[in-house]
Amino acid sequence: MSKLTGSRARQERFCNEYLLDLNAGRAAVRAGYSENGCQQAGSRLLARPYIAARIEELQTKREARTQVTQDRVLKELAAIGFADIADYAGIEDGAEGQGQVITLKNTADLPAEKRAAIAGMRQGTKGIEIKLCDKLKALELIARHLGMMRDKLEIEDAREVKVLFHIPRSKAAAKKTRENHADLVYNKKKG
């Protein structure tokens with residue numbers, strides 16, 4: 001790509017900055033746009049077809065360069081989310097009079113996707129401790145990726161609601177307002 005100048009150079013910086021955190025407002029500020037109105041500038045830039053195409057091109061190049069793809073990340077999360085403790089340890093009958101004992105599987109014998117779920121291992125006072133990665137967090141991230149969870153509450157209602165605030169002019173009026181519980185008056189327009 002030839003050396004860019006002026007607004008094209010700033011737009012190219014925006015594209016690269018956007019890939020850092022996928023936040024258009026912060027990317028706009030880091031690319032040199034004013035903090036006042038940075039959200040609007042970021043939204044306007046993302047709406048431009050050539051900016052969107054450039055971001056997609058940069059994402060594809062990064063994917064090829066790093067070999068980090070959505071599929072790879074999802075597989076790693078699935079390895080964590082669907083890990084089973086029986087893949088790492090088992091309960092067996094011990095020697096006579098010893099009761100049941102926990103036996104650990106050799107990590108060298110575990111497939112890579114099973115080892116990916118191990119957050120850490122250490123020799124403790126009571127033996128070896130194995131800590132697996134957070135299953136619930138991994139499952140939550142998978143569910144979000146698949147659209148099974150929504151962060152925003154969407155309300156569809158055609159009615160108009162007006163909220164009127166009564167601000168008393170004196171302490172006596174404020175006391176009377178509190179006594180009457182008339183702080184808010186709702187006037188619903190029938191839809």
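Leu-22 sits in the loop between helix H1 (6-21) and helix H2 (24-30); helices here are DSSP runs of H or I with at least four residues, strands are E runs of at least two, and both are numbered from the N terminus. Leu-22 has a positive phi of about 55° although it is not a glycine. Most residues other than glycine have a negative phi. At 48% relative accessibility, Leu-22 counts as partly exposed, a class that lies between buried (under 20% relative accessible area) and exposed (over 50%), with a 1.4 Å probe and protein chains only.

Bear in mind that this is a predicted model: local features need pLDDT of at least 70 and side-chain atom pairs count only at pLDDT 80 or more, while totals for chains, interfaces and linings use all residues. Residues are numbered from 1 along each chain as its sequence is written, and side-chain values use heavy atoms, with hydrogens and water left out.

**The chain overall**

- The protein chain has 8 helices and 6 strands.
- Starting at the N terminus, the order of elements is α-α-α-α-α-β-β-α-β-β-α-β-α-β.
- Of its 191 residues, 20% count as buried.
- Take the contacts (heavy atoms within 4.5 Å) between residues at least 6 apart in sequence: 40% of them join residues at least 24 apart.

**Helix H5**

- H5 covers residues 70-81, and its 12 residues should span 16 Å at 1.5 Å a residue; the end C-alpha atoms are 16 Å apart, so the two agree. The expected span is 1.5 Å times one less than the number of residues.
- The buried residues of H5 are Leu-77, Ala-79, Ile-80 and Gly-81.
- Those buried residues pack against helix H6 (112-115) and helix H7 (135-145).

- Strand E1 (residues 89-93) and strand E2 (residues 100-104) pair antiparallel over 5 bridges; pairing takes at least two bridges found by DSSP.
- Within that pairing, Gly-90 stands opposite Thr-103 in E2.
- The hairpin leaves 6 residues between its strands, and Gly-97 in the turn has a positive phi of about 85°.
- Gly-99 also belongs to the loop between E1 and E2, and is partly exposed with a relative accessible area of 39%.
- Leaving out residues up to four places away in sequence, Gly-99 touches Glu-92, Asp-93 and Gly-94.

**The E3-E4 hairpin**

- Strand E3 (residues 118-124) and strand E4 (residues 127-132) run antiparallel, joined by 6 bridges.
- Here the hairpin has 2 residues between the strands, and Gly-124 has Gly-127 in E4 as its bridge partner.
- Glu-129 is in strand E4 and is partly exposed, with a relative accessible area of 40%.
- Neighbours within four places aside, Glu-129 is in contact with Gly-120, Met-121, Arg-122 and Gly-124.
- Glu-129 and Leu-104 are 25 residues apart in sequence, and their C-alpha atoms are 9.7 Å apart in space.

**The largest pocket**

- The largest pocket has a volume of about 400 Å³. A pocket is an open set of points on a 1 Å grid over the protein atoms alone where a 1.4 Å probe fits, with protein on both sides within 12 Å along at least five of seven lines; lining residues have an atom within 4 Å of a point. Points are joined across faces, edges and corners, and the volume is the space filled by probe spheres set on them.
- Of the 14 lining residues, the closest to the centre of the largest pocket are Arg-62, Glu-63, Thr-69, Gln-70 and Val-73.
- Helix H4 (49-66), H5 and H7 are the elements that give two or more residues to this lining.
- By class, the lining has 7 nonpolar, 5 polar and 2 charged residues. Ala, Val, Leu, Ile, Met, Phe, Trp, Tyr, Cys and Pro count as nonpolar, Asp, Glu, Lys and Arg as charged, and the others, Gly among them, as polar.
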